[in-house]
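Let's work through some exercises together. Keep the sequence and the 3D view open, and try each task before you read its solution.

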Amino acid sequence: MFEATLRYNSNSDKQSINTSLEYIDSLIIPGRMIAANSKAIPSNLKNYRDEADVGYYIEPSVADFRVGDDFTDDAGRVRTWHSKYIQQVDERLADLLEERENIDPADLLEEDVRRITSSSVEFQEKFVPGRIQEEAGKYDTIENVESYQPEAVIPWYNKIRREADFEVGDTIIDEAKDAAELPVKPCLFVTKSLIRDQQRSEQLVELLTSNGIDQCFLWVENLDKQATGQGEYEDLAQLVVNLADEEISAHFFYGDYFATLLSHLGLEGTVYGSMYGEEETEQREQRSGQGVITRYYTDAVKDFLKIPAAVDLQQRTDAMMCFCDVCDRQFDSWQDLAEMEQDDDENIQAPMKKHHIRVRWDQIRRVESESLEDTIDRIESDYQDYVSEFFRSNQIADSKSLDYIPRWVNAVESVTDTDHERAEK
Ligand SMILES: [Zn+2]
């Protein structure tokens, strides 16, 4: 089954998650957020497991220290969440940050790389069950406390661009395998240009097979729909096929509908945020304090649109109102959605997040139940219905186009055709 994993990135996601458990398979949470909310989050995770069998992964926040300064405040001090994370994982990280501004495993002594890798594994495996036991108190023993461990351990990852990154990646996976009781699921963090190079792309697969790894996350940086070419989508689709050929279960670390489509080529899961989180660039600079703009996820175009743009487009195409239980309860017409936009941001964010979680789940389950041909027919027909109105709507920026939809289809068709040719030879 294709795994739908939701990012639990902030405490404001809690409400949407609590009321959407039947629409997700698992969660992924930054280690720093767990360390800083060490009572509430382990207890929430226990409830999700008990109530709906929703598991979780912990993102190794040690990767945040590789570049930039978004983990420090204006005075240059390590921010609270990161600082609590360091206390829980390994104080050696604090020493290293004193010595240097950033921590890139490729610049460290092997001894430090191994030490931090194994501390990060231990945090992922032990922290949540430990806190759950502690909360239950001395007199109450939790049965099977290990059942509250994550689904797998994600080793410290590093952006792979050159030989030295492959070498340190190999050391990290080797150490993580030694340290872990749970299955190890490395995250291959790469650039689009790295996977353009066929040899490098093969080397990524080898990094896993040579370490006996059978599952991974795949994060291709900056896979923005408006800025990714067909060739780049083809490279990625080919990499997914190559991983599947080696019986490696690959999941996208950030994925939009292209990930869902790739389930036909052997991709076995994807991660996304409750709002956005479909693609990501390695964070370098401090984020501004401003919140994100609330957008409406529009199924037919497989993207988020500002609410007035979504309403305009749906009215132009005479689209039916969304059938999900959230929209069904709140909106009788697209006009109701437009009016809600005038409401407070807090009131509109939760329903927009919940709607997105439901639509993504439906897309995944639907694609899973149909043939590649049927999926392509359906998205091409939506594309035909929407392309001219998308272009005409003056609520949608002129710089945006729906060209990504034919690029996805062409990329998948080109890779599957290559496969046929190979099989025939
Ligand atoms: Zn909806």
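**Exercise 1: The whole chain**

The chain has 17 helices and 10 strands; helices (H or I, at least four residues) and strands (E, at least two) are DSSP runs, numbered from the N terminus. This is a predicted model, where local features need pLDDT of at least 70 and side-chain atom pairs count only at pLDDT 80 or more, while totals for chains, interfaces and linings use all residues. Residues are numbered from 1 along each chain as its sequence is written.

Task: find out how compact the chain is for its 425 residues.

Solution. 
- Step 1: take the radius of gyration over C-alpha atoms, and the globule rule as 2.2 Å times the number of residues to the power 0.38.
- Step 2: the radius is 22 Å, close to the 22 Å from the rule for 425 residues, so the chain is as compact as a globular protein of that length.
- Step 3: look at the box filled by the C-alpha atoms, roughly 60 × 60 × 45 Å along the principal axes.
- Step 4: check burial, which applies to 42% of the 425 residues. A residue is buried if 20 or more other C-beta atoms (placed from the backbone) lie within 10 Å of its own, exposed if 12 or fewer, and partly exposed in between.

**Exercise 2: Helix α10 and what follows**

Solution. 
- Step 1: list the buried residues of α10, among them Tyr-233, Leu-236, Ala-237 and Val-240.
- Step 2: Glu-247 is found in the loop between α10 and β7 (249-252), and counts as exposed because it has 10 C-beta neighbours inside 10 Å.

**Exercise 3: The core and a tryptophan**

Task: which residues touch the most other members of the largest nonpolar core?

Solution. 
- Step 1: a nonpolar core is a set of buried Ala, Val, Leu, Ile, Met, Phe, Trp, Tyr and Cys residues joined through C-beta atoms within 7 Å.
- Step 2: of the 115 residues in this core, those touching the most other members are Ile-29, Cys-187, Leu-188, Leu-218, Trp-219, Ala-237 and Val-240. This core draws at least three residues from each of domain 1 and domain 2.
- Step 3: leaving aside neighbours within four places in sequence, the contacts of Ile-29 include Tyr-8, Ile-34 and Tyr-56.

Task: is Trp-334 buried or exposed?

Solution. 
- Step 1: locate Trp-334 in helix α14 (residues 334-340).
- Step 2: Trp-334 has 20 C-beta neighbours inside 10 Å, so Trp-334 counts as buried.

Terms used. Domain bounds come from an automatic or database domain assignment. Two residues are in contact if their C-beta atoms, placed from the backbone, lie within 7 Å.
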